[in-house]
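Student: Could you take me through one part of this structure closely? I would like to hear about its aromatic pairs.

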Amino acid sequence: MELVYDDKSHRDLIFQMYQDVFKDPEKFAEYYFDVIYPKNQVLMAWDGSRPKGMIHLNPYRMKISDKEFDAHYIVAVATRKEMRRKGVMRKMLCRVLNDMAERDEPFTYLIPADKAYYEPFDFVFVMDWTETEITGEEGAVTGSLEPFREDDTQEVLRFLNRQIRSYDIYTVINPDYLKQAAKEAKSQDGDLMVFREHGEIAGVFAYGKEKDTIYVRLGFGTEEKRFLEMISRTFPGSKIEISAGCVKRGSKVPKIMFRITSLEALCRCLRSRKKIEFVLTVTDPVIGKNNGTFLFSASKDGTEICPSSKKAEGELSIGDFSKAVFGYSGEDVLERHPFLRELIPLDAVYITEEV
């Protein structure tokens, strides 16, 4: 078996494997391979003349604290039936994780079909989606609601960036992102919508349809109650499932998992409440660059690490270190390693993309 990155000459083979495994609606699959595939990376596991496995790495620009980085969203992880439980996925994951580490990407992320696949690789949850379900009701919509137009770009960007700038980690929203979001929504019989009141943007959301259900995401409104009322009256009689940034009431669903790929790059984004130093052993059985004993020098400007021969004050896995610094289910780690409490956690994460 050979692991090779696709050179974009195998579109039809990859498309067929993608559909054999995931069976997406044809319209969405065509969008994905027309818009996303040309710019992503696909690692393929070849056995003879047929691909037996694949992992797609979709590129996004991420804001982490006051810094921006390239990161990859892992999707479409698949192996053919005859190759399952033979270590193919493990080999593919180890390869892409190490390749991202070589590029100094701080982390990668995914939405797991089953968290049990990824926890052994030190992926940890970092974000819940707040999901709520409403039923559309008849009623007048005060204000105007129209599909996003290219002329709206700068105004929509200003609105959305005001909404998300309080987060520690989020996907950078730029003109290309908006165009892609609109195309994706249209591929699901929906659109990217702009809601205005008194001439000012009061809400933005993307939606898609599946049978009799409306799915809303990338949603922000200046006021939650008003936002939900507007969506309800836009789709009267429909079941509406919403996961939107401005919705605080609903069910918390663990959704986004991170995996640190470059410990050094991630630490540069970590600030501390006061200037501190500590020596810590980090175990990473997958990425050798992250595995070792390091001196951490942290301040309000960031954290630098370098290999150290001193005795460590503690030892923990890269997954447990992730829990501590991303502030999700990390209290037990902090109890065992109290000096990590001085690091300011990157615990406000907003990622809304879903394939």
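This is a predicted model: local features need pLDDT of at least 70, side-chain atom pairs count only at pLDDT 80 or more; totals for chains, interfaces and linings use all residues.

Tutor: Searching the whole structure gives 24 aromatic pairs. One of them brings together phenylalanine 15 and phenylalanine 33 in an edge-to-face arrangement, with 5.0 Å from centre to centre and 70° between the planes. Phenylalanine 15 belongs to helix α1 (residues 11-22) and phenylalanine 33 to helix α2 (residues 26-36), 18 residues apart, and the pair links distant parts of the chain.

Now for a second pair: tyrosine 109 and phenylalanine 258 are tilted, at 6.1 Å centre to centre and 55° between the planes. Tyrosine 109 sits in strand β5 (residues 107-110) and phenylalanine 258 in strand β13 (residues 251-260), so this pair ties together parts that are 149 residues apart in sequence. Tyrosine 109 counts as buried at 0% relative accessibility, and phenylalanine 258 is buried as well, with a relative accessible area of 0%.

Coming back to phenylalanine 15 and phenylalanine 33, both belong to a cluster linked by ring pairs, in which Tyr18, Phe22, Tyr32 and Tyr37 also take part.

Conventions:
Residues are numbered from 1 along each chain as its sequence is written. Side-chain values use heavy atoms; hydrogens and water are left out. Rings of Phe, Tyr and Trp (its six-membered ring) pair if their centres lie within 6.5 Å; planes under 30 degrees apart count as stacked, over 60 as edge-to-face and the rest as tilted. Helices (H or I, at least four residues) and strands (E, at least two) are DSSP runs, numbered from the N terminus. Buried means under 20% relative accessible area, exposed over 50%, partly exposed in between (1.4 Å probe, protein chains only).
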